[in-house]
Amino acid sequence: MEGGSALIGLFPQHIIDEIRERADIVDVISNYVPLKKAGQSYKALCPFHDEKTPSFNVNAAKQIYRCFGCGKGGNVFTFVMEMEKVTFPQAVEAIADRIGYKIPRSEREIPEEKGAVNKKALYEVNARATKYYSALLREKEGDKALQYLRKRGISESSIELFGLGFAPDAWDFLVNKVKDSKFLETMARIGLAIKRDDAPGYYDRFRNRVMFPIYDTQERVVGFGGRVLDDSEPKYLNSPESPLFSKSRNLYGLNWAKSAIAAADAVAVVEGYTDVIMAHQNGVKNVVATLGTAMTAEHARTLKRHTRNVIVVYDADEAGQKASQRGIDILLEAELEVRVAVLPEGKDPCDFVLAKGGEAFGQVLADAMDFFDYKISAGRKRPGFKTVSGQSDVIDDILRSVGNFTFRNLPKRELLLKKVAEAFGVSEESVRRRLITTSAPARKAAETAASSAPKRRLEDCVIELMLAAPEYIAKVEQAGWAALFADEGRRAIAEEILKMHVDRGSVEVADLMNRLQEPTLSQIIAEIESYISAKIDHEKLYADCARQFQKILDAREVNRRFSQVSRLDKPSESEQVEYLKNIESLLKKGESSN
Ligand SMILES: [Zn+2]
């Protein structure tokens, strides 16, 4: 996908750092929203979401911003990227222009930085894995996968075009293909292999799965989706977040769909890999899928680069479900035109295309209704609609969607309010008043729900500790905690902090964000920064983290021993007793450290 990070290599790091240091974030942001000084920081109404009291904060000392309402945060570059909908290099240039900094010609044309070279290796690993998986599909071992695909109606040419493959039921299929340890490391980085806990070496992440390579718009494989052939869980497994892949940004099928999207000036969004494949196979090509997640603002932004018209495809019995509703709100907030296509009950697009053909599916898309018309007609069909309170519930529900996105487009809001008033035979004035009461409290409720996350992640506590009290960085490094992070993004953050600490002896948050080159990571950092307070006892925080990590290590040890028992062919009674004792003592240890 054409995210900013792929292009960061256009400028060397020292130029980016210099521009960042010279540009004052308060100056830059106040070009967009009026900032008010409040103590140490500046406040404003958030430009990224609708609010009535300011929760958008700019920290001049640290040169970062964060919104406590919607969670957006980052540095001066991410702010301009978000506001102007531009790539990272474009944001760098825009800010350089604004502060009158001339980027030397020669520096613009350096083709590849270190980061770019690394990415090349990652793409290479994915490309090779794709080849191995698809070759296996044609061998005896892959036959059951091939049969599965054929049974689902996927043609030979689709198997070819979409690069489908098979990962066998083995721990070492992929890792045995490569003997080069550097290559294995890269494989682990991209999430195809996993480092063993209990022994040197790696094992395959994807096992006994039909493999769907996920491409970016430049036809490079950025990740994989794997579907099980039996009943094991999870049914679908995606590549983890990596420098190439993010499920909240990547859309499956966009590479094959982009020219059809341009031609139709519309895109249909479905849920599954096979939905996309069957639609394409039957001639409906402007179709993409989210990768097992709800629609995110980043997806919306990606789509917006291709078209403003989005058709959300519903299965009749999930129509109106809350989850999809949230996705639609995100599309609306991005000022996209949303239409809704409804398939008969119980049919996903793949089933539907199989049964009725591509032309019928094309017709369903062509008949898609404007989202608000759809809401009005679906509301009328609700069982409770005959009663007065049922009707007013329907109106409220629609007004919530109206309120969610039209704050930037008042004429559109007017037109919609008129439409709602006409549809339900009530006065415009009453609808307008109701809008104010429905949207504000609803928004507030959503905000508090999001901000009262029950428990902070251990990983965030470690990052907070390193940022707030740099004297602990060396301790964290020695303890090797970063390697234990389950979340790839947070591991990348921790590792970058350790690296910056060695390279420069200090860690500037705003520079840390640049080095990571990922808006989603900047957001995580900004959030963690917001927790930092002088009141926190760092020694205690460190001790808490240490205790938690010990528990993780103990749990791993228990797992290891369990798997040893299960690996023994016929453990003797005394062996079993011995193992159980061992495990029991470990579990006890875990409890007592609670
Ligand atoms: Zn906000």
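Q: In which loop does Asp50 lie?
A: This is a predicted model, in which local features need pLDDT of at least 70, side-chain atom pairs count only at pLDDT 80 or more, and totals for chains, interfaces and linings use all residues. Residues are numbered from 1 along each chain as its sequence is written. Helices (H or I, at least four residues) and strands (E, at least two) are DSSP runs numbered from the N terminus. In these terms, Asp50 lies in the loop between β2 (41-44) and β3 (56-59).

Q: Does Asp50 count as buried, partly exposed or exposed?
A: A residue is buried if 20 or more other C-beta atoms, placed from the backbone, lie within 10 Å of its own, exposed if 12 or fewer do, and partly exposed in between. Asp50 has 18 C-beta neighbours inside 10 Å, and therefore counts as partly exposed.

Q: What distance separates the C-alpha atoms of Asp50 and Gly403?
A: Along the chain, Asp50 and Gly403 are 353 residues apart. In the model, their C-alpha atoms are separated by 8.8 Å.

Q: Which residue in the turn between β9 and β10 has a positive phi?
A: Strands β9 (residues 209-215) and β10 run antiparallel and are joined by 7 bridges, and Tyr215 stands opposite Val221 in β10. The two strands form a hairpin with 5 residues between them. The turn residue with a positive phi, of about 65°, is Glu219.

Q: How many of the residues of β10 are buried?
A: Besides its hairpin with β9, β10 pairs in the antiparallel sense with β11 (residues 236-238) over 3 bridges, where Gly225 stands opposite Asn238. Strand β10 (residues 221-228) is mostly covered, the number of buried residues among its 8 being 6.

Q: Within what arc do the buried residues of α15 fall?
A: The buried residues of α15 (residues 349-356) are Pro349, Cys350, Phe352 and Val353. The arc is taken from the directions from the helix axis to the C-beta atoms. Seen down that axis, these residues line one face of the helix, because they fall within an arc of 165°.

Q: Which residue with a positive phi follows α15?
A: The buried residues of α15 are covered by elements that include β12 (267-270), α12 (273-281), β14 (309-315), β15 (337-343) and α16 (358-366). After α15 comes a residue whose phi is positive, near 90°, namely Gly357.

Q: What angle does the direction of α12 make with that of β13?
A: The open sheet β13-β12-β14-β15-β16 has mixed pairing, and β14 and β15 pair in the parallel sense over 7 bridges. Helix α12 packs on this sheet, touching β12 and β13, where contact means C-beta atoms, placed from the backbone, within 7 Å. Axes are lines fitted to C-alpha atoms, for helices over the stretch in contact, and angles run from 0 to 180 degrees between N-to-C directions. The angle between α12 and β13 is about 170°.

Definitions and conventions: Two strands pair if DSSP finds at least two bridges between them. Two residues are in contact if their C-beta atoms, placed from the backbone, lie within 7 Å.
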